[in-house]
Amino acid sequence: MTREFCPIGEVMKVCVVGAGISGLSTAQYLSRYHDVEVFVYEQSSTFGGRANILDGGEHCPRVFLNDYHYLFEIFKDLRLSDGSTVYDSLTTLQRYWASSRSGWVELSHTYSIFADEVPIGDRLRVLRAKRISPLIAEQEFSGNTNRYGSWRNYSLRSLLRIIMSLARFTSVYDLGGRTDRVLTGPWVDNLRTRGVTLVTDTPVLSLHPDSSGVVVELADHSERFDAVVVTAYASDASRLLESSGLPHRIPRLSHIHCKVFTLVLDPREKILEREPAIYSRQGLNILFQPRANRCVVLCLRSRSTSRDFVTARLREYLDLEHDFVEVRERDNQADNEAIFSADFVDQNAILVEPAQHIYFAGSYTKNSYPVDSGEGAARTAFNAVERLAGDFHLSRDFAGRAMVPNGTPYQVPLTVSQRYARRAILALAGRISVGELVVAEKYGETVSIGPGGHPTARIDVNSPETWTRLARGMHGCVQSYCAGDWESPDLVAVLRLAARNVSVGDDLRRKAAFVRVPLLRLRAGLGRHTRAQSRRDIAFHYDLGNDLFASMLDETMSYSCAVFPGPDSTLSEAAHHKMELVCAKLDLRRDDRVLEIGGGWGGFAVYAARTRGCHVTMTTISNAQYTYARQHVQRLGLTDLIDVRFEDYRDTTGSFDKLVSIEMVEAVGADNLGTFFGRCSELLKPGGLMLLQAITIDDRAYEVAKLARTFIRSYIFPNGCLPSLEVISRTVARRTDMYITGLDDYSSHYARTLACWRANIGRAQDDIQKRGYDLRFQRLWGLYLAYCEAGFLEHRIRLIHATIVKPSHFAVIEVGRCESTRPQPVSVTDRGVGLD
């Protein structure tokens with residue numbers, strides 16, 4: 001099952017399951033897109049979930065921290081009856097900072113990771129994913145402190161927030177009235193004016209996804225939607241998926257219960273003159289509500305915490321002088337009242353089959369008072385809608401609906417880490433010395449960076465998460481692009497601009513090589529390209545599926561640089577012309593025995609056997625290529641001329657007149673270059689001739705690049721290594737009796753070849769999706785092809801043909817010289833790069 005793109009002009013139907021803070025936030029974000037019809041189904045009789053608490057209730061949905069960025073921006077959209085907004089109605093209760101007296105510390109926290117039952121591996125997964133639910137906790141290290149107050153549970157990000165809190169005050173806000181009147185009521189009215197359909201008393205019984213959407217089974221009927229966003233609690237979401245027969249990754253945990261005390265204070269207490277406050281001390285979360293003459297206390301150690309312990313602690317903390325008027329207590333024993341309802345859930349991967357049109361925007365916890373978890377719900381809803389919008393290519397034109405009340409464009413506020421990351425990234429981009437970069441933030445401003453001129457590139461930032469991901473370097477950049485956090489109308493231009501300006505720092509990297517190389521070698525562990533490791537590396541890339549490569553390549557399945565004989569030549573013509581060029585350079589004859597190392601899908605072997613009548617032995621260690629090549633040769637009736645072998649070049653035996661290796665040396669590895677060329681020399685007869693087609697890197701960058709975890713080595717070709725011209729020349733001279741007689745550069749042809757491959761993938765996008773290659777994979781491969789194209793256009797990598805001969809071969813080919821029937825390549829020496 002695959003996601004389909006929403007055709008322009010057609011209305012997309014989205015079902016939102018649940019109408020709590022998560023559900024209303026999801027509907028709010030979806031309503032800002034064109035041509036999206038939103039239906040919200042709530043099983044209870046009211047909207048807002050735990051936010052819909054009447055004034056005087058025991059819960060605390062009305063107190064907010066000032067870092068509730070997503071929730072506050074939604075509040076700016078919600079108008080009250082007097083024309084003001086919910087955001088305008090917020091009242092500042094008090095300002096505080098972290099101190100030993102009050103014990104108030106801001107903590108980025110996901111409740112479930114601090115439960116005793118959660119394995120440490122799952123806790124680390126949560127911290128890495130940075131799922132945030134704000135909480136006020138005490139930083140105490142005594143044995144009687146809160147389970148989530150232990151220093152061992154603080155992530156680096158949490159510690160940084162604590163340090164920052166020491167340098168600034170933090171505001172606490174109150175809605176100042178019944179939430180059904182000042183929050184959920186206006187919110188529902190606002191959504192209805194936007195065309196959202198909201199229905200109460202309608203539970204969703206099951207979900208049934210198929211290739212065209214999801215059938216939602218309700219109590220009285222079933223309805224089809226293009227996508228479904230589940231905004232229930234994680235435990236409720238797991239039950240819904242299980243009742244639908246859908247495997248999921250939401251684990252069940254033992255519920256951790258708590259005890260709640262409501263203590264009514266004597267009206268004579270002086271503390272009632274203070275503002276509302278929140279305390280967290282010795283396992284007690286205390287919500288002080290002076291207007292109601294009471295405190296509400298949540299005890300995490302419910303079955304071991306007595307009434308006497310709670311009352312004694314409150315007398316001590318609050319300096320009370322009189323007895324309590326009333327003390328009520330109750331245990332949250334039911335599962336739906338548990339503090340921890342489930343382990344952390346990755347909202348983008350709750351289903352075993354992620355291609356289904358179902359998204360998760362629910363909460364990971366229940367009863368997360370005393371601090372309301374609305375910000376976490378709004379953030380989760382935002383991320384889920386961003387993912388859905390990217391998957392379905394929803395229109396990003398908000399038609400004026402994305403406006404805050406004062407009429408300015410809607411902006412998603414950035415968290416502290418996002419603001420600092422954005423500032424650092426834009427400062428780094430400010431060093432652009434050539435060209436211009438336009439950065440357009442979907443919910444923010446558009447800035448132009450650089451002196452102008454060529455190249456000019458544009459980046460569209462779709463999510464504020466982009467900035468923190470980009471701050472992680474290459475990996476963050478790749479992952480954020482694949483997730484749809486940013487995009488560009490001309491990705492090659494972006495990468496060319498980066499390549500043009502990064503060259504400014506090349507000298508610094510080369511000067512630091514004496515420090516970096518030992519460290520990189522240590523990290524790489526001096527890994528060797530064993531036969532087994534080589535097979536795994538090749539399978540990672542070439543065994544992705546022959547149907548994928550068939551969609552990208554020409555009919556010869558040539559996955560290498562083509563040589564275009566003219567400006568109007570097709571990719572197929574260029575592929576055939578390249579193979580003819582290789583045959584001519586090798587001077588292939590009928591009685592020649594030819595070895596092709598790394599023969600791919602057999603395109604060259606078939607061409608050489610058909611046009612020259614020579615015998616070709618081709619090798620590969622890719623199962624997919626081997627199966628395809630054997631079947632292809634059999635269909636053509638060429639089994640007497642072509643021998644397809646599944647074997648490593650190190651195990652190949654025989655004696656051959658000619659040898660060809662087309663873009664295989666890049667998979668050999670730096671540590672095996674000598675072995676490779678030595679084996680080629682041993683397999684060639686005296687007077688033999690070899691043609692090497694290789695992608696090369698600049699000599700000066702080789703020592704660092706061969707060990708670095710580059711984009712290509714990390715995501716496309718594991719353990720691949722581009723050799724340099726100097727390394728090839730030195731290795732051939734030192735490890736073989738051969739010498740190089742010809743060298744041609746075809747880099748511009750490779751850029752054009754890659755552009756053709758990208759175009760082919762674009763045209764076959766729907767078919768590729770139906771075969772199970774999701775949008776993230778397609779974006780990754782689009783980035784890979786554009787990255788390589790930019791590299792060739794900017795001459796950071798090159799494509800060369802090297803003619804290598806045995807000593808007794810007397811046909812000397814001059815460097816850079818081509819026959820008149822061949823396209824005239826650029827001489828490498830004309831580019832200032834030659835052989836030592």
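Author: In this predicted model, helices α13 and α27 are oblique to each other, because their angle of about 50° falls in neither the roughly parallel class, under 35 degrees, nor the roughly perpendicular one, 65 to 115. Helix α13 spans residues 491–502 and helix α27 spans residues 775–793, and their axes lie 8 Å apart. The crossing of the two is right-handed. On the side of α13, L491, V492, L495 and R496 make the contact, and they meet G782, L783, A786, Y787, E789, A790 and L793 of α27.

The aromatic rings may be taken next. The count of aromatic pairs comes to 24. The pair of F39 and F225 is edge-to-face, because the planes of the rings stand at 65°, over the limit of 60, with the centres 5.6 Å apart. This pair joins distant parts of the chain, since F39 belongs to strand β2 (residues 36–41) and F225 to strand β11 (residues 222–225), 186 residues apart. F39 counts as buried at 12% relative accessibility, and F225 is likewise buried, at 1%. The rings of Y481 and W486, by contrast, form a tilted pair, because their planes are at 55°; their centres are 4.8 Å apart. Both Y481 and W486 are buried.

Ring pairs also build a cluster, which consists of Y542, F549, Y559, W601, F717, Y750, W757, Y773, F777, W781, Y784 and F792.

Note on methods: Residues are numbered from 1 along each chain as its sequence is written. This is a predicted model: local features need pLDDT of at least 70, side-chain atom pairs count only at pLDDT 80 or more; totals for chains, interfaces and linings use all residues. Side-chain values use heavy atoms; hydrogens and water are left out. Axes are lines fitted to C-alpha atoms, for helices over the stretch in contact, and angles run from 0 to 180 degrees between N-to-C directions. Helices (H or I, at least four residues) and strands (E, at least two) are DSSP runs, numbered from the N terminus. Angles under 35 degrees count as roughly parallel, over 145 as roughly antiparallel, 65 to 115 as roughly perpendicular and the rest as oblique. A crossing is left-handed if the near helix is turned anticlockwise from the far one by less than a right angle, and right-handed if clockwise. Contact means heavy atoms within 4.5 Å. Rings of Phe, Tyr and Trp (its six-membered ring) pair if their centres lie within 6.5 Å; planes under 30 degrees apart count as stacked, over 60 as edge-to-face and the rest as tilted. Buried means under 20% relative accessible area, exposed over 50%, partly exposed in between (1.4 Å probe, protein chains only).
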